[in-house]
Amino acid sequence: MEIGWMHYLRQRQVLVFFVLLSMFGVGAELEPYSVAEEMEIGSFVANLGKDLGLGLTELSTRGARIISQGNKEYLQLKVQTGDLLINEKLDREELCGSTDPCLLYFQLLMEKPLEVFQAELRVEDINDHSPVFTEREMILKIPENSPLGIAFPLSNALDLDVGSNNVQNYKISPNSHFRVLTRKLSDGRMYPELVLEEELDREEEPEIVLTLTALDGGSPPRYGTAQVRIEVVDSNDNAPEFGQPIYKVHIPENSPVGSLVVTVSASDLDSGIYGKISYTLFQPSEDISKTLEVNPVTGEIRLKKQVDFETVLSYEVDIKATDGGGLSGKCTLLLQVVDVNDNPPEVTMSALTSPIPENSPEIVVAVFSVSDPDSGDNGKTISSIQGDLPFLLKPSVKNFYTLVTERPLDREERAQYNITITVTDLGTPRLKTQHNLTVMVSDVNDNAPAFSQSSYTLRVLENNSPALHIGSVSATDRDAGANAQVTYSLLLPPHDPHLPLASLVSINADNGQLFALRALDYEALQAFEFGVRAADRGSPALSSQALVRVLVVDANDNAPFVLYPLQNGSAPCTELVPRAAEAGYLVTKVVAVDGDSGQNAWLSYQLLKATEPGLFGVWAHNGEVRTARLLSERDAVKHRLLVLVKDNGEPPLSASVTLHVLLVDGFSQPYLPLPDVAAAEARADPLTVYLVIALASVSSLFLVSVLVFVAVRLCRRSRAASGGGCSVPEGPFAGHLVDVSGTGTLSHSYQYEVCLRGGSGTGEFKFLKPIIPSFLGLGEERISEGNPNFRDNFEFN
């Protein structure tokens, strides 16, 4: 009998729960469906596709699914056919208890586009439970003088089934004193009343035992029995009477256990034991027995447990007052539970999209519903999110919301958003619920790689080893994944498309490291430029460019080269010095060049060895060989000088040259004889003729050597620059090949002009046309006056 009361109370709870749930209907409604309880899993209920007028594939493409109340999956939807099937056996008594009809609410959610349909499933009852009496034996004490027709209420039987399958009738075993009547309570339950039809005589029959049978309305009907034991007592002619037949009481939910609900009171006109009254709950349900208790002496009714408005809205129970003689009276207690804001709102997430692509317009991120089991303002809610986020909450169908992006998102600005959905009710005090979402932003290739600087300058010492790491370029990409993986490649400079870049440098495609592929020569290539492109691996790929300038740093790898006097193994060059020359007389000038640059090309001159030390000296910075003192008759005629030419590199390189000096009489003396005398002496003296021939030979030889040297140098530079053959240029040479004053080999007083002209068939070579020093200027006047032919013989045109 206790089990029956428990099922009965659970039925009432489920009934109230689904009544509340039906108040939150969503969107359009489908027709109600029905199914008998205890049907097998997979049983067919309905075809939702046909009811909605949708094609077979439309339910699948629109992402249709079933959402049941309480996250219980009683039903399943086959999106391929549209059939709605039973997902688990349905026990109507477990789901709804005594509630009839038993309705299960569910929603059909279609996400693309968002659409929600409200539907209900009616679980039909089958007669699978028999009536059960909570009291297997009922004892009645009936005075023997009880009037005929008096009725004695008996405990009713409980049947978990509803409707016609519930208890419909009561029968009593055959006897001569009593019959049974079937009465109906206000909640629809049937209970029996035992009616006296023939007077009792305690002395004749002090005890009567009857069998009470409860029958339900099923087919075939089920039944349950209980025993009624009647004890005949002495006369008690006044039954207890309550001051009011109905007590109506309101009590707030969550009131503490032991709270006083109401005090009932009854009176009995009898005295003694017959006037002593005791109070009991009459035929309470299982839930009421657990919730309320009555003091049998005082009639105080108190709470045994807290009441919950969301579970049970009200209670109705009869209070029975029994006197010592067995007579009883009853009243009814109507207990109304008052709602208190004790339930925070609930958030149910239906759909969530994460990650979402950046740069996309309005996107539905999440779909969720909000519910609050409280009533009135306590059940009304307000939903919000943080105000500093690029998202919006939009109300959809009833109690449903969509979370959408307010604007296109930028992953590089922010890759993750933590969104807090706050739902607050309007009760007092206000209760709120927070639901946290993490939304990731996926990357789109919208950022090109960016170099750390727009141009790079690298310096490489010439004569480097091949595959030398000369520097690196670096580019970063703000994107992620493959969109941020950067690869590097080389680009030819637009101003020099013929640069053999592939043979000069290479780049590591993964890290941007640059390598020199071969040894670089400063004298052939001082600097070169090229571009580097950084491209990501996105689709489509984005790229950027940077300029790289490589400066070849000069190394001291070229020894000085002596231009004059030329040391080519032919007849040595002899310089003529008159014995009348004064100290500081310019004998000759050693002319040298160095293919290097900077301090590696700064040349210094030093006299290493001389036939007669102290007679000649070499100026360290310009290579001029001058007399150190006056010449005398004792000085030898022939002198050999060894001059060392050294650069300023580290380590220094050097070259040496040998000079032959011949001391002569009468050459460039301060006073010359008259022209006719000088001509006669010239004809008479063969030494003068030899000197003229020697000077002409030396000059011619020097001319040829300089031409060959210049041609070879030009050919080498042309090959280094273009890899082609050698061509002899026409026209005047560049100044840096001829004017060597900048290297310290010639002073500004001696400018040498070399000119090779082509096209006319004739060549002219000019060399050593100095600005004659002042002391030679004086001598020139005398030469012009004394012997005009002398100048014609020693000036080369």
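1. In this predicted model, Arg 229 forms a salt bridge with Glu 207, with 2.9 Å between the closest N and O atoms; a salt bridge here is a side-chain nitrogen of Lys or Arg within 4 Å of a carboxyl oxygen of Asp or Glu. The pair links distant parts of the chain, since Arg 229 is in strand β17 and Glu 207 in strand β16, 22 residues apart; strands are DSSP runs (E, at least two residues) and are numbered from the N terminus. Glu 207 counts as partly exposed at 38% relative accessibility, where buried means under 20% relative accessible area, exposed over 50%, and partly exposed in between (1.4 Å probe, protein chains only).

2. Residues are numbered from 1 along each chain as its sequence is written, and side-chain values use heavy atoms, with hydrogens and water left out. Because the model is predicted, local features need pLDDT of at least 70 and side-chain atom pairs count only at pLDDT 80 or more, while totals for chains, interfaces and linings use all residues.

3. Arg 229 also forms a salt bridge with Glu 137, again with the closest N and O atoms 2.9 Å apart. Arg 229 lies in strand β17 and Glu 137 in strand β10 (residues 137-143), so this pair ties together parts that are 92 residues apart in sequence. Arg 229 is partly exposed, with a relative accessible area of 21%, and Glu 137 is likewise partly exposed, at 37%.

4. A search of the whole structure finds 21 salt bridges. One of them joins the side chains of Arg 626 and Glu 624 at 2.9 Å, N to O, and both of these residues are buried.

5. Asp 216, in strand β16, deserves a separate comment. This residue is buried yet has no salt bridge, and the nearest side chain of opposite charge, Arg 222, is 5.3 Å away. The side chain of Asp 216 does, however, reach the backbone nitrogen of Arg 222 at 2.6 Å, and a polar atom of that side chain lies 3.2 Å from the backbone nitrogen of Gly 218.

6. One joins Ser 219 and Pro 220, with omega about 0°, and Pro 220 is in the loop between β16 and β17 (223-233). Another joins Thr 428 and Pro 429, with omega about -5°, and Pro 429 is found in the loop between β33 (416-425) and β34 (432-442). Most peptide bonds are trans, and most residues other than glycine have a negative phi.

7. Positive phi values also occur. Asn 359 has a phi of about 65° although it is not a glycine; Asn 359 is placed in the loop between β28 (356-357) and β29 (364-371) and is partly exposed, with a relative accessible area of 40%. Ala 467, also not a glycine, has a positive phi of about 65°; Ala 467 lies in the loop between β36 (455-461) and β37 (468-472) and counts as exposed at 53% relative accessibility.

8. Finally, Glu 205, in the loop between β15 (190-196) and β16 (207-216), is partly exposed at 32% relative accessible area. Glu 205 is one of the residues that gather in a patch of negative charge on the surface, together with Glu 198, Glu 199, Asp 201, Glu 203 and Glu 204; such patches are made of residues with over 30% relative accessible area and no salt bridge, like charges being joined within 9 Å and nonpolar side chains (Val, Leu, Ile, Met, Phe, Trp, Tyr) within 5 Å.

Terms used: Areas by Shrake-Rupley, 256 points an atom, 1.4 Å probe, with all protein chains shown as cover. Lys, Arg positive; Asp, Glu negative; His and termini not counted. Charge placed at Lys NZ, Arg CZ, Asp CG, Glu CD. Helix = DSSP H or I, 4+ residues; strand = E, 2+ residues; numbered from the N terminus. Polar contact = N/O pair within 3.5 Å; in protein donor to acceptor, adjacent residues only side chain to side chain.
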